[in-house]
Amino acid sequence: FHNLELNLLSIQGTPFACGAQRLSFGAGLGVRWFRFDENFLYGSDINGNSDPDDTAYYNIDMTNDLVGVQLAGMANYQATQNFSLFSEMKFGLYGNYMQQSQLIARGNGEIATINNGPNIGQEWDFESNKTDVAFLGEVRLGARWQITQRWSAVADYRAMAATGVFALLPGLDAARGEPGD
């Protein structure tokens, strides 16, 4: 995973009078780039002697690059002067550029060929890509200990959910080695 966020607008709310003004809320607006990579490699050795002529590999690489805007909502509870609990929720709409490559080859580098269908004899080494819409949501819960004015220690838990990301592109006709509609 790779993540880069730029917060363009951050609004910190005024603390509420309840609980000696310990509870405050905020909101934000920003842009985000999020990369999600998946890789799969399966290897097989026909007789266990690691001879490159007797091994085969199936490799799939998939990348999702999400770029878009997000909204954020934050809450902070100042339990003591140095200790606080916080939560943050983010939700965004993204353009997702997906790329996939598949390769079946022997250990010696010889690429496998398709042995049936209309593309018999074609090498099993192909790439495809697609651009679609994705949604990404994030919830973060944590605690902060303010050690000094400029130093703090934070422990938090983050959960993310995404739609519109694919482990394999739909419509990819592996038997023909071509992207589908």
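These questions and answers cover confidence, salt bridges and a surface patch in a predicted model. Residues are numbered from 1 along each chain as its sequence is written, and side-chain values use heavy atoms, without hydrogens or water. Local features need pLDDT of at least 70, side-chain atom pairs count only at pLDDT 80 or more, and totals for chains, interfaces and linings use all residues.

Q: What is the mean pLDDT of the protein?
A: pLDDT is the predictor's confidence in each residue, from 0 to 100. Of the residues, 88% reach 70 or more. Over residues 169–181 the pLDDT is below 50. The mean for the protein is 85.

Q: How far apart in sequence are Glu-5 and Arg-32?
A: The two form a salt bridge (a side-chain nitrogen of Lys or Arg within 4 Å of a carboxyl oxygen of Asp or Glu). Their closest N and O atoms are 3.3 Å apart. Glu-5 lies in strand E1 and Arg-32 in strand E2, so the pair ties together parts separated by 27 residues.

Q: Is Arg-140 buried or exposed?
A: Arg-140 meets Asp-156 in a salt bridge of 2.4 Å, N to O. Buried means under 20% relative accessible area, exposed over 50%, partly exposed in between (1.4 Å probe, protein chains only). Arg-140 has 18% relative accessibility, so Arg-140 counts as buried.

Q: Which strand gives the largest share of the nonpolar patch?
A: The patch has about 710 Å² of accessible area together, and Ile-11 is one of its residues. Ile-11 sits in strand E1. Four residues, the largest share, come from E1.

Key. Patches are made of residues with over 30% relative accessible area and no salt bridge: like charges are joined within 9 Å, nonpolar side chains (Val, Leu, Ile, Met, Phe, Trp, Tyr) within 5 Å. Accessible areas come from the Shrake-Rupley method with a 1.4 Å probe; for residues, only the protein chains shown count as cover. Helices (H or I, at least four residues) and strands (E, at least two) are DSSP runs, numbered from the N terminus. Contact means heavy atoms within 4.5 Å.
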